[in-house]
Amino acid sequence: MITKLIVRGMLVGLLAGLLAGVFAYTVGEPRVDRAIALEEAAAASDSHAGEAAEPAHSHEEELVSRDGQRLGLFLALGLYGVALGGLFALVYAGVRGRVGPRSEPLLAISLAAASFVAIVLVPFVKYPANPPAVGDPETINQRTVLYLVAVVIGILAVGAAAAAYRYVSSAEAWPRWVAGGAALLVPVAAAWILLPRIDEVPEGFPAGLLWDFRLASLGTQAVFWLGVGALFAFAARRRSPA
């Protein structure tokens, strides 16, 4: 049973990843192209001023073309979906009948929404995605570690919210929602205050492009988790229509 559930989750994750790839290709890639153009223009300007020998992006283009990168986008999101889909199925199997709605389709949608909040939204609030030409290569390890710390905090915060909602004994729903909301917001707010800020946006970088890219990045993840929840719920309903 667990094996079938994991296989289902991997297939659902693959489909959701491809859907997210379509969104990222349609909405996100034009912003990436604009950011790369800005990066190359800045590097060319520095080169003419004698501060650089050649555009910073030229080596990357020789190794992997933009068409290759676009194809790699679908491959990466597909593999990302397979991996997270399998993990999603394991968590779903662990909480089914113990936590959350009794309806399997509703449980799948609720778990996907909780996963989006924990893995995507909480880290995004502190460390949003940045386009090319934004970020210091020397701080990439620090930024990666801090982002993973934010992901862990998001997972723990959502887990604490679920536990608080479950264990608050009340005949009415609102005390449980208040307890769950507080259990979620307190660690997230603490992380926001205590984790170091990283702001490496170069002066003069278009604010509209930065905002659009971040929204496209967040939208890609939203499409992925919406796809996981909806497809997994559909599969659960087909398996157990009653």
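**Figure 1. The largest nonpolar core of the predicted model.** This core has 26 residues. A nonpolar core is a set of buried Ala, Val, Leu, Ile, Met, Phe, Trp, Tyr and Cys residues joined through side-chain atoms within 4.5 Å. Buried means under 20% relative accessible area, exposed over 50%, and partly exposed in between (1.4 Å probe, protein chains only). The residues with the most contacts inside the core are Leu5, Phe88, Tyr92, Phe224, Trp225, Val228 and Phe232. Helix H1 (2-48), helix H3 (66-95), H4 and helix H7 (207-239) each give two or more residues to this core. Helices (H or I, at least four residues) and strands (E, at least two) are DSSP runs, numbered from the N terminus. The model is predicted: local features need pLDDT of at least 70, side-chain atom pairs count only at pLDDT 80 or more, and totals for chains, interfaces and linings use all residues. Residues are numbered from 1 along each chain as its sequence is written, and side-chain values use heavy atoms, with hydrogens and water left out.

**Figure 2. The surroundings of phenylalanine 224.** Contact means heavy atoms within 4.5 Å. Leaving aside residues up to four places away in sequence, Phe224 touches Gly13, Ala16, Gly17, Ala20, Tyr80, Gly81 and Leu84.

Figure 3. Alanine 216 counts as buried because its relative accessibility is 5%. Threonine 220 is buried too, at 9% relative accessibility. Which residues does alanine 216 touch, not counting residues up to four places away in sequence? They are Phe23, Val27 and Gly28. Alanine 216 and glycine 28 are 188 residues apart in sequence, yet 5.2 Å apart in space, C-alpha to C-alpha. With the neighbours up to four places away in sequence left out, threonine 220 touches Ala20, Phe23, Ala24 and Leu77.

**Figure 4. Glutamine 221 in helix H7.** Glutamine 221 is found in helix H7. Its relative accessible area is 19%, so it is buried. Beyond residues up to four places away in sequence, glutamine 221 touches Tyr80, Phe116 and Val120.

**Figure 5. Helices H4 and H5 packed together.** Helix H4 covers residues 104-126, and helix H5 covers residues 140-167. They pack at an angle of about 145°, with their axes 8 Å apart. Axes are lines fitted to C-alpha atoms, for helices over the stretch in contact, and angles run from 0 to 180 degrees between N-to-C directions. From H4, the residues in contact are Ala114, Val117, Ala118, Ile119, Val122 and Pro123. They meet Tyr147, Ala150, Val151, Gly154, Ile155 and Val158 in H5. By class, this contact has 11 nonpolar, one polar and no charged residues. Ala, Val, Leu, Ile, Met, Phe, Trp, Tyr, Cys and Pro count as nonpolar, Asp, Glu, Lys and Arg as charged, and the others, Gly among them, as polar.

**Figure 6. Valine 134 in the loop between H4 and H5.** The loop between H4 and H5 holds valine 134. Is valine 134 buried or exposed? It is buried, because its relative accessible area is 10%. Valine 134 touches Glu200, Val201, Pro202 and Phe205, not counting residues up to four places away in sequence. The C-alpha atoms of valine 134 and aspartate 199 are separated by 9.2 Å, and the two are 65 residues apart along the chain.
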